[in-house]
Amino acid sequence: MSIGSDLASNAFHARATRKVMFRLLPVMCAAYFMAYIDRTNVALAKTNLQADIGISVTAFGLGAGLFFLSYAFFEVPSNLIMHRVGARRWITRIALTWGALSAAMMFVQNDLSFYLLRFLLGIAEAGLYPALMYTVTLWFSQKDRATVVGFIYLAPTVALIVGSPMGGALMELDGLLGLHGWQWMFLIEGLITMLVGVLVWFKLPEVPQDAKWLTAEEAEVLSARAAAGAGDHETTIRGNMRKAFGRPFIVIVALIYMFNQITNVGIVFNVPSIIEDLDIHGAFLIGLLSGVAGIGATIGVVLIPIVHRRFDNEVALIGILAGATAVTSVAFLLASSPVVKIVLIAVSMIFVFGTLPLFWSVAMARMSGLIAAAGLAFINTIGLIGGFIGPYAFGLVEDATGNPAAGFYVVIAASLVGVALAPMLGSAIRREDATRAEETPTAPSTVH
């Protein structure tokens, strides 16, 4: 093929990719946005649940954590079912059931019903994010995936900015038709999620060939480029457990994700108390300033994929971002000005969230089909462990020091582990790619 025809083919694929981004990403982001809203809106209801139905602080913490427990336990089974029935059907099912259960939170009467609904909500939502990542592997070429995943991550970052004001506005309906404000919040946000599920059913085709708004030529080039270099063709997990879960690069990516989530969730769940400790008063002002975490995260998921396109070594960039997070955290602990501290929170979130598209891109480049469905779910499951550890570690440090900001020592430690794991990931990827090259000599190299 001539250079001219290569350029024409690349330009044709780029146009088709832009068309897919315009059509699919709003639907995928809507689902992830509502997932983030529905898993965190319980925090807004915390004091009201205590006052209205007597749920204690301890019971609230246990119920909040049960969501992550069931979510993690059912993550891999959910994605294996998704691979069998198709992403469109399964994401629709996920949104409808978790929306219904989120709305059903309005009927919480006591500790037991709170535990049960939070546990069921985790089961219902399990598999959503890896299903979205699996969908990316069907539609987008490897060179576009970090950018696409960055756009998908705009959903939770925007939710960090607007979620609390939105939930707070709904809770202002307190007393309407005899319902508490938190009941209105759960009901309305749950119903919106169910509408998003309907949207997914009608607007998210399974594969490019199912999209009526693509030409046959566009669908063909999208599928071919998405599958380029994919080497996994297994149809069953039995006998392929190591390939799905045990390859060194998968394990290391999962560990990096776990330490990233220790930092990520730890900061997100503690930003309001950190800002309040800066001698800032007023619930609205504290909530408004807490939005800097979402602003930084939004900048990160947009900016870092752009940097990645010019800095092709994903693994080195992962290590650099982890190191930058540690340095920013040290600066935060040394700073005395509240304004500087708030700005540094935003900067740290640029690095923390900006890392996320990179290691999902690393993973997706080396998995496809059933192995991708299982492996991506496994990585997300390990990450959820970090979601447990982060807030707990922040709490332990705060209890020991009496200072909410001391949780940034946890951030430093977790980030330095990420720095140490980066060269190990690079070595594992080189071995993985060398093995794949030996098995399929004509496959294009993916070494960075």
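The legends below accompany close-up views of a predicted model.

View 1. Because its relative accessibility is 0%, Ser 361 counts as buried. Leaving aside residues up to four places away in sequence, Ser 361 touches Gln 142, Ala 146 and Glu 314. With Glu 314 there is also a polar contact between the two side chains, at 2.7 Å. Thr 147 is 214 residues from Ser 361 along the chain, yet their C-alpha atoms are separated by 9.1 Å.

**View 2. The largest cavity of the structure.** Two cavities of 30 Å³ or more are found in the structure, and the largest holds about 310 Å³ of space. The lining of this cavity comprises 21 residues, of which Tyr 32, Tyr 36, Arg 39, Gln 261 and Val 265 are the closest to its centre. Helices α1 (3-40), α3 (57-85), α12 (248-276) and α18 (369-401) each give two or more residues to the lining; α12 gives the most, with six. By class, 14 of the lining residues are nonpolar, six are polar and one is charged.

**View 3. The second largest cavity.** This cavity has a volume of about 140 Å³. Its lining consists of 14 residues, and those closest to the centre are Asn 260, Ala 322, Thr 355, Ser 415 and Gly 418. At least two lining residues come from each of α12, α15 (314-334), α16 (338-354) and α19 (408-439). The lining contains eight nonpolar and six polar residues, and no charged ones.

Key
Residues numbered from 1 in each chain as written. Predicted model: local features only at pLDDT ≥ 70, side-chain atom pairs only at ≥ 80, totals over all residues. Heavy atoms only, no water. Buried < 20%, exposed > 50% of the residue type's maximum accessible area, 1.4 Å probe, protein only. Contact = heavy atoms within 4.5 Å. Polar contact = N/O pair within 3.5 Å; in protein donor to acceptor, adjacent residues only side chain to side chain. 1 Å grid on protein atoms, 1.4 Å probe; cavity = no way out; pocket = protein on both sides within 12 Å on 5 of 7 lines; lining within 4 Å. Points joined across faces, edges and corners; volume = space filled by probe spheres on them. Helix = DSSP H or I, 4+ residues; strand = E, 2+ residues; numbered from the N terminus. Nonpolar A, V, L, I, M, F, W, Y, C, P; charged D, E, K, R; others polar.
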